[in-house]
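The sequence and structure come first.

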Protein chains: 2
Amino acid sequence: MAQNLSSFVEIQALSDFTMHNLPYGIFSETPDGNKRVGVAIGDLVLDLAALETHGLLQLNENIRYFDQPTLNKFIDSGKANWQKVRQTLQSLLSADNPTLRDNTELRQQAFFKQNTVTLHLPLQVPGYTDFYSSKEHATNVGTMFRDPKNALLPNWSELPVGYNGRASSVIVSGKDIIRPSGQIKLPNEDRPIFSATRKLDFELETAFVVGKATELGQPIAIEDAWDHIFGMVLLNDWSARDIQQWEYVPLGPFNAKTFASAISPWVVTMEALEPFKVKGPTQEPKPLCYLEENVANSYDIHLSVEVQSPKSQQTDVICETNFKYMYWSMAQQLTHHTIAGCNVQVGDLMGSGTISGPTENSYGSLLELTWNTTKPLTLSNGEKRGFLEDGDRVIMKGYCEKNGIRVGFGEVSNKVLAAKSFRFTEKEEASYETV
Amino acid sequence: MAQNLSSFVEIQALSDFTMHNLPYGIFSETPDGNKRVGVAIGDLVLDLAALETHGLLQLNENIRYFDQPTLNKFIDSGKANWQKVRQTLQSLLSADNPTLRDNTELRQQAFFKQNTVTLHLPLQVPGYTDFYSSKEHATNVGTMFRDPKNALLPNWSELPVGYNGRASSVIVSGKDIIRPSGQIKLPNEDRPIFSATRKLDFELETAFVVGKATELGQPIAIEDAWDHIFGMVLLNDWSARDIQQWEYVPLGPFNAKTFASAISPWVVTMEALEPFKVKGPTQEPKPLCYLEENVANSYDIHLSVEVQSPKSQQTDVICETNFKYMYWSMAQQLTHHTIAGCNVQVGDLMGSGTISGPTENSYGSLLELTWNTTKPLTLSNGEKRGFLEDGDRVIMKGYCEKNGIRVGFGEVSNKVLAAKSFRFTEKEEASYETV
């Protein structure tokens, strides 16, 4: 367990961004300003490019790792540098170290208030994969749409089921979500209609960031997998359930998931999460050898989802769950992903799949929380929700806490905008249905 | 119809690379040498970076479009530039134009024999999508694995079914294919085993290259879709059928398809393909408005697959088919891909799906050609094939021909290597099965 570090920066008791955390993000002072790497500490952002310029963070005198529009270059520099920078920052921010503490001019240049800067997508994401690793979620979905007695398909307990997502539609917290349109098949119609989705949903997930690339044809052994993981973010894998239900056979979800996958702006490192390691659920049957892991391979991360109606001033917590319920570990996901030879790249994002817990208030999607609208939620202002309505804001939060140490993820928050009107012909107008 | 252009470069009668073609690729003189843009003409490569240096191909005096390791920068410069460069090249290569013809020194600097240079992956591929748009292929697969009476799933005739592939595993012709390993479920076993695939297959496809990007939330209207397409390549979407069959429910193919997707090195432009436009098959039911297209929206492209056994000096043609059989057009695929708001990026690759024709020798995969090994092929040296064996080479070719004009794709050719041995424990050794 790391020691209780104190900083000269004021950090509120419930801040996600303590000295034990130091997550990396990309910020600019103005929306279109120069993007560079920052670290969140308390309510502030520490500008690593400024530290680099002043010679306080030089990894290599010829390379600028932090005056960059994404984290990829720093991540690609390797695990030894990740450790070195973390140690340097913990030292520079320490209450005992005068270097930054007593240099008023540099502090003015290097610290910004988080609520005054723009936070950007922290990564250039070459590949986005989404897994399906919560047994509770897969069981709930299988029960609703297939057969309650055989809710889990036979392959589910043998391998971490996953699919390729669309990297281009990964966005950062804060960006609005335009309600998507597409083909929907209503139960009593012969043919699908073109419509805005009536079943817009969130999926509460985390994602890990690949920190070390591989070559095609070079699987990652399970014992090496953790060395390939840089850190984690919160992920809202926005979904249109009615589009999904019609399109997904036999090749999987497509348009239902490619209109937006939103992540939190701060990448929390695996080093920061280390104190919160726990053993994952017992796996029965025991996985095949290449997936077998006998170490603490999960993390105790509290997760929640809040929804705010446009008619309300306050948010409602509608889900509380924990990452530790996930059946397949991130190492197992990464090893399985590469076992047939697929290569990974620095910045690849690998989603956990919806994180649902064992109780009804711990389900990570409205599909499950409202049991496909059969049990609508009642918000604190009396409104009901089956799926999301225009103007709704969805906020996901996550944090770890143990022995007085707190490491948090901040949040991923997006608001739903009304569907776009298309350039319609009269004929199209007639066939177009809104929510 | 374009005029019959003649060049001072010698072009064989059956060359794929005529004055009407002028496809773009990336080459280097040595395997690790400087990569730049070249155009195939006869048996030669014309170095566009050299022309640019000599002021013969300047689109913008401050930007080097052709001294680049991929085509992306040139493609991103826009359709007007694609047209301008094509016209300039047709003029510079013409038998009547002395500029290049009579400049011996420049000709020595700018022309290379294709068989002496290294051809590279021509694109940086941000996203790879694969469709499933051959009715014959979808019907064959549905007949074999589901229900012959309801071979096509209900959504198939309403939308171009597709899924996100893995962009990182897109490779260029020539690279060897390591037989992948993974989980396979044998019919009489309770649990899957870990094994090298016993059902290694090819899929004969073409792919189009996105030439114009869009923003998230901005669908491409069907009438604008063609403006977003730069050109086409041949694609061998390597597949492991046994891995696929076990893993693909409910989220689609994953490891069965992410070990290699190989493309031909030359990108044939849509302008070069223009004379070979034909109307695609009648679509019944008529697609929803957003997919409705009343123009010639397909291409008459002869396609073939050859296999060469390591025990044979010659290749056997095992499939001959045509792109014109494809049910869904490229414009329909692209429009559908973006209809819910998904953005596309320059260099995105969109595969057609396996191209099967109506006759048994026109099926685009061994799965169909051998009807899942029940009708093995006999090669000309007497060997039989159900699926591919180690050492087999698969060569796909494609060309258009009309009124004496020929425009060809060259080939995508890869050889199968034996599965890798893993670092096994004794226990693993016992469970590992080879082909």
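Which residues are buried in H3(B)?

## Basis

This is a predicted model, in which local features need pLDDT of at least 70, side-chain atom pairs count only at pLDDT 80 or more, and totals for chains, interfaces and linings use all residues. Residues are numbered from 1 along each chain as written, chains are lettered from A and ligands numbered from 1 in the order written, and side-chain values use heavy atoms, without hydrogens and water.

## Helix H3 of chain B

In H3(B), the buried residues are Asn81(B), Trp82(B), Val85(B), Arg86(B), Leu89(B), Gln90(B) and Leu92(B). Buried means under 20% relative accessible area, exposed over 50%, partly exposed in between (1.4 Å probe, protein chains only). Down the axis of H3(B) the buried residues fall within an arc of 165°, so they line one face; the arc is that of the directions from the helix axis to the C-beta atoms. Exposed Ala80(B) and Gln87(B) sit on the face turned away from the buried side.

Helices (H or I, at least four residues) and strands (E, at least two) are DSSP runs, numbered from the N terminus.

## Strand E1 of chain A

All five residues of E1(A), residues 24–28, are buried, so the strand is largely enclosed by the rest of the structure. Tyr24(A), Ile26(A) and Ser28(A) lie on one side, Gly25(A) and Phe27(A) on the other.

Strands pair if DSSP finds at least two bridges between them. E1(A) runs antiparallel to E2(A), with four bridges, and Tyr24(A) stands opposite Val39(A). Three bridges join E1(A) to E5(A), also antiparallel.
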